[in-house]
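Please read it alongside the sequence and the coordinates.

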Amino acid sequence: MKVTALAGGVGGGKLLVGLQRRLGSDLTAVVNTGDDAVIYGVHVSPDLDICTYWLAGIADTRKGWGIEGDTFSVIDGMRALGLDAWFNLGDRDFATCLHRTARLASGATLSEVTDELTGRLGVRASILPMSDDEVRSKIVTTDGRTLDFQEYFVKERTAPEVAEVVISGLPGAVPGPEVLDSIAGADVIVLCPSNPFVSIGPILGLGGVRDALRAHPNVIAISPIIKGAALKGPADRMLRSLGAEASASGVARLYEDFVALFVVDASDGDQVARIESTGLRATSLDTIMGDHAASERLAAELLELT
Ligand code: GDP
Ligand code: CA
């Protein structure tokens, strides 16, 4: 069975681990690049790297991002110089970003570099950046500022209220070279429990992606919202401030034009009827991935549903 999963960072990486355990190289992950940025002169791809490290088995699973046991000497050195080093990047993580930057400067595409990095780190699944073009999520705050995504997410710790998410670079950007084929050719598409606005949203906004999903009969989405709250991050607050409901059914509504089955958490059983009342199919499973075994169990259950 071939599965293509759409993913952001931590919610994506966690479920990808379980899917890769079941599917190996039959898994393809299409990963958000809307929160990429140039920081300290290097091209950081937070979601690509989170997914890569989780799938390579080297992620710092407690923090969610970065490499387990990584050191922070470069950042410490910057701070010793009196620099405002607000973006934490471990030393080995820095190596990934340095290599990416050098390869991009020499003319490689982000897809090519990602393939090289995932190969070197022993990832069995294919990881596809959603696009090789520059697409960047910007956060317009209710106090009238426009922040780069990492300024909002890391520097300001998601404190500002979001008035609007603007995905700059769309609609001129095209999906990465294998992205549309990986959707059309998959038996099942899985939308990971990732942030609908800043992780899944940029992928859906790329030309042809939403249409390819509408044409696919077997798209399953897993809710990142459990009992009205995100397990981590601003997804619940974003839903509310962007005029949706902070609930699994609020997320389901965003995907209703292409999803065949929406999966809510077992603790959210009442959401199933609410979602089904709008004509969508829904079911509940234990979706809290506390460890890799839980992730693999969820992956197996998802694949059985199809
Ligand atoms: P980011 O790019 O690192 O912010 O990560 P994503 O966008 O991929 O995922 C963020 C979302 O993952 C949050 O809304 C969380 O609620 C959700 N999430 C994290 N862990 C879990 C989990 O174990 N189960 C479910 N259902 N959602 C999760
Ligand atoms: Ca992210």
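The model discussed here is predicted. The side chain of Asp 60 meets that of Lys 63 in a salt bridge, with an N to O distance of 3.2 Å, and Lys 63, at 25% relative accessibility, counts as partly exposed.

The structure holds 13 salt bridges, and the table sets out three of them.

| Salt bridge | N to O distance |
|---|---|
| Lys 63 and Asp 60 | 3.2 Å |
| Asp 143 and Arg 145 | 3.3 Å |
| Arg 214 and Asp 257 | 2.8 Å |

In the pair formed by Asp 143 and Arg 145, the aspartate is exposed, with a relative accessible area of 53%, while Arg 145 is partly exposed at 31%.

The side chains of Arg 214 and Asp 257 also meet in a salt bridge. This pair links distant parts of the chain, 43 residues apart, with Arg 214 in helix α9 (residues 209-214) and Asp 257 in the loop between α11 (248-254) and β13 (261-265). Arg 214 counts as partly exposed at 45% relative accessibility, and Asp 257 is partly exposed at 31%.

Asp 35 is in the loop between β2 (27-31) and β3 (37-39), whereas Asp 47 belongs to helix α2 (residues 46-56), twelve residues apart. Both Asp 35 and Asp 47 are buried.

Methods
Residues are numbered from 1 along each chain as its sequence is written. Chains are lettered from A and ligands numbered from 1 in the order in which they are written. This is a predicted model: local features need pLDDT of at least 70, side-chain atom pairs count only at pLDDT 80 or more; totals for chains, interfaces and linings use all residues. Side-chain values use heavy atoms; hydrogens and water are left out. Helices (H or I, at least four residues) and strands (E, at least two) are DSSP runs, numbered from the N terminus. Buried means under 20% relative accessible area, exposed over 50%, partly exposed in between (1.4 Å probe, protein chains only). A salt bridge is a side-chain nitrogen of Lys or Arg within 4 Å of a carboxyl oxygen of Asp or Glu.
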